[in-house]
Amino acid sequence: MEIRENLKYLESHEWVEICGNVARIGITDYAQNELGDIVFVELPAVGESVVADKEFANVESVKAVSPVNSPVSGKIIAVNGALEDAPEMINDDAFDAWFVEVEITALSDKLLDAAAYEKICK
Amino acid sequence: MKRTPYCGILKEMGGKFVDFAGYDMPVQFEGILAEHKAVRENVGLFDVSHMGEVLIEGEGALATLQKVFTNNYETLKAGRVRYSLMLNENGGVVDDVLVYCIKENETYLVCVNASNADKDFAWISSHLEKNTTAKNLSDDTAQLAVQGSSAINVIGKIFKENDIPDKYYSFKIVDGVFSKKVIVSRTGYTAEDGFEIYCDVSDAKGLFDKVIAAGKDVGLKLCGLGARDTLRLEGAMPLYGHEMNENTLATEIGLDAYIKFDKPSFIGKEALLEQAPAKRRIGIELVDRGIAREHAEVYSGNLKIGEITSGTMSPTLGKSIAMARVDANADLNNLFVDVRGKKLRAEKVELPFYKRNK
């Protein structure tokens, strides 16, 4: 299982890469491995708002639907539409397969660093 | 939780396990999609030892079958297998089963769903004809399913040609390969050619080792219940507890071919004759993007007409497919499925979704 040092995490297995006031969000390698083959992603639209710790997207494996929570609050400025046609990209490289980019207005107060997140995955 | 004889070895081989019908069972190994594909294109191996087996023996064995099952067993020859429903007095489904004719009139083996094994055994036992016995062999029997177009190449390495059933829904009882007799059955739950092998638990490991060894050069892949579910769904094979249960009228699930009203009587017949089916089973494909899963509501326009009983993203077709239980007289144009509050467009399609080339 891969965990990246430079990212922050939610306990619900999302990662966030914060670059200035823009956050890129995805699900972790641990999450994709637990879910198994991902066959569908339901993404929000550019311009919609997301709220920290609240659901903003869904990933569906063959067996189940799982909500994806946002590590930040803000407005969506980009959506990775490629995931809609090739959701398996998340299985291939979860840290490359970002879901959305968000202009940050606030961070979740529950963000974990890599070491803290790694403990949850055990 | 109960364990099959293969629980330990399959965990060592990388299985991801879940509770299924009270058994600790592998849901997947490499991944559901890869396993599904292996069965569609080559061959896969499933542990199905959780399935239950009930042996019915004695001079009233056939009469017992005729009473408790909806299908007709008068015409079933030794070495043949026939699917049936088993109903309660209300016409609801107690279980769906495979019946193996071991000796005409006298000896039959019934393969039942794991979740229903104890209930079925009790039900059958309470309806036995004179001088007839039922034995629950579920805990003494292991079962492996070798499924896919190349399954014959695996089975051919273990058994002699004479010991391999060549017709679908037929079987051979094979002596001499393992310490006890085994049943080699040409049946399955994947909509592909394949075999199910029943053995005594004392031969479970020996059978597994032989299948793995025989499958090595063929590319046999270990498969879990996840792929078993997507494979059967593409084949539109109903699953007990989803497409039917004790409260489902047997004439509402599209299995009328297995209900023989020309038999003088069977349990549930009266109830079926008294009630017109209010529901029916249909196939649905989503037109909009998404996945219609079990319990999602189905609409015709604004009118709710039923719900999804099984649904998935079909690995073979790349489409969102589902079976739904809807009002028998519903208008099936302008269909929608409510997926988390969004009404996704859908259309009725013919069942099965997938049919193999024979």
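1. Let's start where the two chains meet. In this predicted model, eight residues of chain A are in contact with ten residues of chain B. Strand 4 of chain A supplies the largest share of chain A's side, with three residues. Sorted by class, the side of chain A that touches chain B holds four charged, three nonpolar and one polar residue.

2. To follow the pairing in detail, go to strand 6 of chain A, residues 55-61. Five bridges join strand 6 to strand 7 of chain A, and the pairing is antiparallel. A residue pair to find on screen is A:Asn58 with its bridge partner A:Pro67, which sits in strand 7 of chain A.

3. Now over to chain B, and to one glycine. B:Gly60 lies in the loop that runs between strand 4 (52-58) and helix 3 (61-68) of chain B. Is B:Gly60 exposed, partly exposed or buried? B:Gly60 counts as partly exposed because 19 C-beta neighbours lie inside 10 Å, and a buried residue would need 20 or more.

4. Which residues does B:Gly60 contact beyond its neighbours within four places in sequence? They are B:Leu128, B:Glu129, B:Lys130, B:Asn131 and B:Thr132. B:Gly60 and B:Leu128 are 68 residues apart along the chain, with their C-alpha atoms separated by 7.5 Å.

How values were computed:
Residues numbered from 1 in each chain as written. Chains lettered and ligands numbered in written order. Predicted model: local features only at pLDDT ≥ 70, side-chain atom pairs only at ≥ 80, totals over all residues. Pairing = 2+ DSSP bridges. Helix = DSSP H or I, 4+ residues; strand = E, 2+ residues; numbered from the N terminus. Contact = placed C-beta atoms within 7 Å. Nonpolar A, V, L, I, M, F, W, Y, C, P; charged D, E, K, R; others polar. Buried ≥ 20, exposed ≤ 12 C-beta atoms within 10 Å, placed from the backbone.
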